[in-house]
Amino acid sequence: MRRDGTTADGAWWLYFLLAIFAAIVLIPFLWMVKSALARQEDVFAIPPRLFSTPTLENFARLAEQVPIVRYFGNSVFFATATTLVTLG
């Protein structure tokens, strides 16, 4: 970057590499969110479906099968205890 705030003409490759890196980092995260909001049939379809109707049934099934409230309570308890011991 020049002193006047403009970029040099040869710096385009840096922005290109940053865009590639951002895509490499963001695409798996977006695929994870897409899979969490898709039906099981859409997740395991061959060939993979890029677009599907969003649903929250996976989260409802998770809440039924896993004692998530207890796990959250355990996390809060241990985080609070650790903080108190550290500060005490």
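## Contacts of Asp42

Leaving aside neighbours within four places in sequence, Asp42 is in contact with Arg49 and Ser52, where contact means heavy atoms within 4.5 Å. The structure is a predicted model, in which local features need pLDDT of at least 70 and side-chain atom pairs count only at pLDDT 80 or more, while totals for chains, interfaces and linings use all residues. Residues are numbered from 1 along each chain as its sequence is written, and side-chain values use heavy atoms, with hydrogens and water left out.

Asp42 lies in helix H2, which covers residues 40-43. Helices (H or I, at least four residues) and strands (E, at least two) are DSSP runs, numbered from the N terminus. Is Asp42 buried or exposed? Asp42 counts as buried because its relative accessibility is 5%. In this scheme, buried means under 20% relative accessible area, exposed means over 50%, and partly exposed lies in between (1.4 Å probe, protein chains only).

## Ser52 and its surroundings

Ser52 belongs to the loop between H2 and helix H3 (57-65). With a relative accessibility of 24%, Ser52 counts as partly exposed. Apart from its neighbours within four places in sequence, Ser52 is in contact with Ala38 and Asp42.

A further relation concerns Lys34. Ser52 and Lys34 stand 18 residues apart in sequence, and their C-alpha atoms are 8.5 Å apart in space.

## Salt bridges

Side chains of opposite charge can pair when their charged atoms come close. A salt bridge is defined here as a side-chain nitrogen of Lys or Arg within 4 Å of a carboxyl oxygen of Asp or Glu. How many salt bridges does this rule give? The count comes to 3.

Arg39 takes part in a salt bridge with Glu41, at 4.0 Å from N to O. Arg39 also forms a salt bridge with Asp42, and here the closest N and O atoms are 3.3 Å apart. Arg39 is partly exposed, at 37% relative accessibility, and Glu41 is likewise partly exposed, at 49%. Asp42 forms a salt bridge with Arg49 as well, with 2.3 Å between the closest N and O atoms. Arg49 has a relative accessible area of 39%, so it counts as partly exposed. Through shared partners, these salt bridges join Arg39, Glu41, Asp42 and Arg49 into one network.

## The chain as a whole

The chain contains 4 helices and 0 strands. Along the sequence, the pattern reads α-α-α-α. Of the 88 residues of the chain, 8% count as buried.

The chain exposes about 7,900 Å², of which carbon and sulfur atoms supply 72%. Accessible areas come from the Shrake-Rupley method with a 1.4 Å probe; for residues, only the protein chains shown count as cover.

## A nonpolar surface patch

Which residues make the nonpolar surface patch of about 990 Å²? The patch is made by Trp12, Trp13, Leu14, Tyr15, Phe16, Leu17, Leu18, Ile20 and Ile24. Patches consist of residues with over 30% relative accessible area and no salt bridge; like charges are joined within 9 Å, and nonpolar side chains (Val, Leu, Ile, Met, Phe, Trp, Tyr) within 5 Å.

Leu17, one of the patch residues, is found in helix H1, which covers residues 12-36. Leu17 counts as partly exposed because its relative accessibility is 46%.
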